[in-house]
Amino acid sequence: MLHFVIDLALRAGALLRAGLSSERRIEAKGRANLVTDIDQASEALIVGALKQRFPDHTLIAEEGSGHEGPSDYVWLIDPLDGTMNYLHGNPTFSVSLAVLYQGRLQIGVVYDPCRDELFAAERRKGAYCNGRLLRVSQVDALYDALLTTGFPYDRFTQPDNNLREHNHMLLKAQEIRRPGSAALDLCYVAAGRTDAHWELGLSPWDVAAGALLIEEAGGMITDWQGQPWHPAEERMVASNGKIHAELIQELAAARAAG
């Protein structure tokens with residue numbers, strides 16, 4: 001199944017890459033939450049292939065073309081993570097596919113078509129980028145850490161929008177980035193390119209694949225209170241494990257001071 005998932009991500013990524021310079025049809029789900037015809041085309045490719053290959057599997061896709069099935073297998077599909085970047089020609093976006101069996105993550109694949117980087121993990125078999133084994137970083141203090149984060153779509157009207165946490169962390173960490181694709185943010189933690197990522201307002205398809213990559217690369221995933229994380233949980237802290245407790249502590253301090 002892993003080989004099939006990889007091939008599917010590569011095919012969807014090629015479609016995204018080919019359409020990058022074309023004019024797009026855009027629909028607004030919110031001020032910062034957009035869907036385009038390329039999101040829909042990528043999802044149609046993925047869902048169509050899955051319905052043909054695994055007709056009894058449950059498919060949960062961001063743009064709503066999923067499928068309820070009787071199987072223990074559930075797919076979480078993000079056909080284009082980083083739509084805003086894509087629309088602006090910013091080459092930070094991805095395809096993210098995750099497979100759960102009886103509620104537990106089994107396979108995670110994230111493909112970055114602009115850098116041609118394929119991140120893949122299978123439970124108990126490690127995490128890889130283009131065939132190279134991934135391990136999280138060894139940074140052991142928040143003071144020395146490079147972090148990433150993101151902001152919810154409703155941040156314009158919702159006061160619980162990660163701004164106070166971001167501003168607090170900006171003075172605690174070495175630096176913070178906001179690339180705009182949560183799936184890739186998690187892959188970079190798994191690869192040791194960054195040391196941790198935190199976010200709220202997440203959907204399962206955004207981060208399920210990346211979460212498995214981090215676990216298989218030796219990292220840690222929890223909610224904001226340090227409790228076990230599940231794809232249905234919309235708040236995530238993902239790290240190399242070494243700075244996890246400190247990051248949880250500082251998030252709590254930011255909220256308490258808010």
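Which residue stands opposite Ala 238 in β14? In this predicted model, for which local features need pLDDT of at least 70, side-chain atom pairs count only at pLDDT 80 or more, and totals for chains, interfaces and linings use all residues, that position is taken by Ile 221. Residues are numbered from 1 along each chain as its sequence is written, and side-chain values use heavy atoms, with hydrogens and water left out.

Helices (H or I, at least four residues) and strands (E, at least two) are DSSP runs, numbered from the N terminus; strands are treated as paired if DSSP finds at least two bridges between them. By this criterion, β14 pairs in the antiparallel sense with strand β13 (residues 220-222) over 3 bridges. Strand β14 also pairs in the antiparallel sense with strand β12 (residues 196-199), here over 4 bridges, and within that pairing Val 237 of β14 is the bridge partner of Trp 198. Met 236 and Ala 238 point one way from β14, whereas Val 237 and Ser 239 point the other way, and all are buried (under 20% relative accessible area, with exposed over 50% and partly exposed in between; 1.4 Å probe, protein chains only).

A nonpolar core is defined as a set of buried Ala, Val, Leu, Ile, Met, Phe, Trp, Tyr and Cys residues joined through side-chain atoms within 4.5 Å. The largest such core has 33 residues, and those with the most contacts inside it are Leu 105, Val 110, Phe 119, Leu 134, Leu 213 and Met 236. Two or more residues are given to this core by each of β5 (94-101), β6 (104-112), β7 (117-122), β8 (127-129), α5 (182-190), α6 (204-216) and β14 (236-239). Helix α6 gives the most, with 8 residues. A second, separate core of 29 residues includes Leu 8, Leu 16, Leu 59 and Tyr 86.

Trp 198 is also among the contacts of His 166, together with Thr 149, Phe 151 and Ile 176, when neighbours within four places in sequence are left aside. His 166 is found in helix α4 (residues 163-170) and counts as buried because its relative accessibility is 18%.

The structure holds 10 salt bridges, each defined by a side-chain nitrogen of Lys or Arg within 4 Å of a carboxyl oxygen of Asp or Glu. In one of them, the side chains of Arg 193 and Glu 117 meet at 2.8 Å, N to O. Arg 193 lies in the loop between α5 and β12 and Glu 117 in strand β7, so this pair ties together parts that are 76 residues apart in sequence. Arg 193 is partly exposed at 32% relative accessibility, whereas Glu 117 is buried at 14%.

A further salt bridge joins Arg 255 and Asp 160, with the closest N and O atoms 3.1 Å apart. Since Arg 255 lies in helix α7 (residues 244-257) and Asp 160 in the loop between β10 (146-149) and α4, the pair ties together parts that are 95 residues apart in sequence. Arg 255 is partly exposed, with a relative accessible area of 28%, and Asp 160 is buried at 18%. Arg 164 forms a salt bridge with Glu 165, for which the closest N and O atoms are 3.6 Å apart; Arg 164 is partly exposed at 32% and Glu 165 is buried at 0%. Through shared partners, salt bridges join Asp 160, Arg 164, Glu 165, Arg 235 and Arg 255 into one network.

How values were computed. Contact = heavy atoms within 4.5 Å.
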